[in-house]
Each structure stands twice: as C-alpha cells, then as structure tokens.
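Please open the model in a viewer and keep the sequence panel at hand.

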Amino acid sequence: MSGTTPADVVCLGESMVTFLPSRPGRLADVPSFDRGIGGAESNVACALAAAGHRAAWVSRVGADGFGDHLVEAVAAYGVDTSFVRRDPARPTGIYFRTATDRATDVHEVAYYRAGSAASAMSPSTVPCDGLPAGRILHVSGITAALSADCLALLHELTAPRVGRPLISFDVNHRPGLWRGESPAVLLELARRADVVFVGEDEAEEAWGVVGAAAIREALPEPGVVVVKRGADGVTVFSREPGGRPGPRASNAGGADEVTHAPALRVDVVAPVGAGDAFAAGFLSATLRGLPVRDRARHGHLMAAAVLTVPGDLTAPPAREHADRLAALDDDAWGRLRLGPGWTGDDTEVRTT
C-alpha cells in the first residue's frame, strides 16, 4: 500500500520502543530486557494490516535509531507509514514494563516520553487536509494526554466537518499521563466520536458512571458504544441505519440495539495488548459489514490471539477460521477454550 492509496483505517497516535523484561520481577531486579514496540493506535493498525486491511499509521518519531526501528517494525506488518514524520529536535519515546498484568498492584511501567516527538503533534504539524484518506480514523485518549497541542489536534480531528471519516475512539484512560481535567476531556472527545470503546472500570474511575446502561446514557451521541466488562464480555449499544455507523445526525434520538457478547475462555500467556486487539477485530468486522454480535466476537477472537502469545502483537487467525468460530451458536461459543497455537489450526480449538 502506498501513501496515495486510500486506507480502510487510519490510526493516529504515539508509538514507543518497549523494553520487555527477560523474566518476572520488579524493574529494579530484572537483569535484561528485550526490545519491542508499543502504542495503542499502531497496535490497532498492525493488527488490521495483518488481517488483510489497508491500514495507515500517522505519528511523529525522533530522527534517531529508535525512530528507525519503530517505523520499520510497524511497516513490516504491512502498515503504510509514509505519513510518519521525523522530528530532528525531539526523541522517540521509550518505556520499560514488568511482566505482570497491568491491572495488578505489582505491575510497573517506567515511561520516558516527556517531550517526545509525538507530543509535538498539533493541528499545524498534522493538518486534517494532510492526513491519508480513510474510511475510519482511529484515535485514543492517550494522545489527548500527551500535550496541549495533541489535545488541540484531537479536537480538530473529531469536529464535525464535510467528509469527516467515521471516528473510532478508544477512551484508554491513563491517569498517570494526565495533569488536569482528564475526565471531562475524555468524555467530550468520546461524545464527538462515532464508535467508542470504553471499559466499565475506566468509566467508573474517570466519570463516576457505574454500569453499561449508565455509560450509554453518558454517551448518547455515538452510533456505537462498546462497553468492555472484563471476564463478562462486552455490551454493545448500536444505533446504525442500514447496519453500519452512519452520519451523526441520523444516529441521534433513535432506539438502541443492545448486544451482549460473552468473553472467551483463554489460556493466557501474557495479559497485554488485548484491548487494542479487540478494537482491531471489531473494526475489521465493521468494515466488512458484519452484524454487531459478530463484530464483538471477532474482537474477542483477535484479543484471544494476542493473549495466547508473549507480546502485544501477533498474526490473527485466518479470516475463514475466525468467521467459522464467530458464527457458532451461543452454546458452542460458550464452550470454546483457546490456548497457544489456536490461530494456526482448527485442531487447537478446544471445547469444554
């Protein structure tokens, strides 16, 4: 895919070089790290490209070796990186993390991203008319937290305008990145989007809103709101003319279709990257015009692919394989148990 070919999905946000521990333990005790890449939006782009979609990643990186690595690694997945700009004055962000689940108290992350090249994204450095053409623009609340310029850019990108693509917004509330009114900012951006991904836990923490129905009440404008409920799966509120997210005016005021998609049972290898993978699977199925239930199931399947490998990214299941699993009846879906290797061969898929 070249920079002149329209994309299915354009993903905008910071990616960093990630240093992954060689063994479990505190950062103070881990003797060595393996290099990887990490970034919510670039993860979604990589997963979509690996699934056969035209995906582009828009960002800024430093004119340094880490920037070279990021661009080369993301491009290796088939993502169009021709809209990534190099900043000679600011570095590429990096971070270190422990091997434990980020939801636990023992998980540690050490970010070195202040003043990074990506934090200089703004309406002037990333103008709307300079973005690649795409059916969907995927962004997240992480970008809004990087700088005032980044927040101004998201305000501009999500503003109503002629020809605006479908806006996909993952709330991705990261309290440690914010210095200010993060709850209000994230709520405003979510209400300007067309498809929103938000966890029940982060909605309660950020907005004091408890339960899927209350989250939908707080976000009445988007055509689709995906509420992630951990082990209980997801609840999707959709208001879509013709089965697809449409213009905001036609979404307002209609009745919701409410779809619950139970989570899969997964033998987890590493509990990282699942949220980005879920968003990629859901958007992939949205691009294909699949029913809401199947979009959510494809999200679960893409998340399961990542959960059963050590890193944040992996090859997704073949489309035909995923389609067969997504089409199972409720009983068969509930009996699935996925472990390492399940994406490559149907024989690896177990039922209980």
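Select α1, α9 (274-287) and α10 (292-307): each of these helices supplies at least two residues of the lining of the largest cavity. Helices here are DSSP runs of H or I with at least four residues, strands are runs of E with at least two, and both are numbered from the N terminus. The model is predicted, so local features need pLDDT of at least 70 and side-chain atom pairs count only at pLDDT 80 or more, while totals for chains, interfaces and linings use all residues. Residues are numbered from 1 along each chain as its sequence is written, and side-chain values use heavy atoms, with hydrogens and water left out.

Now display the space between the lining residues. The structure holds one cavity of 30 Å³ or more, and about 80 Å³ of space lies in the largest cavity. Of its 13 lining residues, those closest to the centre are A47, A277, V306, D312 and L313. On a 1 Å grid over the protein atoms alone, a cavity is a set of points where a 1.4 Å probe fits but cannot get out; a pocket is an open set with protein on both sides within 12 Å along at least five of seven lines; lining residues have an atom within 4 Å of a point. Grid points are joined across faces, edges and corners, and a volume is the space filled by probe spheres set on the points. By class, this cavity lining has eight nonpolar, three polar and two charged residues. Nonpolar covers Ala, Val, Leu, Ile, Met, Phe, Trp, Tyr, Cys and Pro; charged covers Asp, Glu, Lys and Arg; the others, Gly among them, are polar.

Next, colour α1 (residues 40-50) by accessibility: 10 of its 11 residues are buried. Buried means under 20% relative accessible area, exposed over 50%, and partly exposed in between (1.4 Å probe, protein chains only). The buried residues of α1 include A40, C46 and A47. Just after α1, select G52, which takes a positive phi of about 100 degrees.

Return to α10. Because 15 of its 16 residues are buried, α10 is largely enclosed by the rest of the structure. From first C-alpha to last, α10 reaches 23 Å, close to the 22 Å expected at 1.5 Å a residue; the expected span is 1.5 Å times one less than the number of residues.

Move to strand β9 (residues 134-140), where five of seven residues are buried. Strand β1 (residues 7-12) pairs with β9 in the parallel sense over four bridges, and V10 has L137 in β9 as its bridge partner. Two strands pair if DSSP finds at least two bridges between them.

Then select α3 (141-146) and α4 (148-158), the elements that give two or more residues to the lining of the second largest pocket. This pocket has a volume of about 310 Å³. Closest to its centre, among 16 lining residues, are A145, L146, S147, L177 and R179. α3 gives the most to the lining, with three residues. The lining comprises eight nonpolar, five polar and three charged residues.

Finally, show the open sheet of three strands in the order β15-β16-β17, whose pairing is mixed. β15 (265-266) and β17 (350-351) stand at the edges with a single partner strand each, so one side of each is left without a neighbour in the sheet. β15 and β16 (residues 336-338) run parallel and are joined by two bridges, with R265 opposite R337 in β16.
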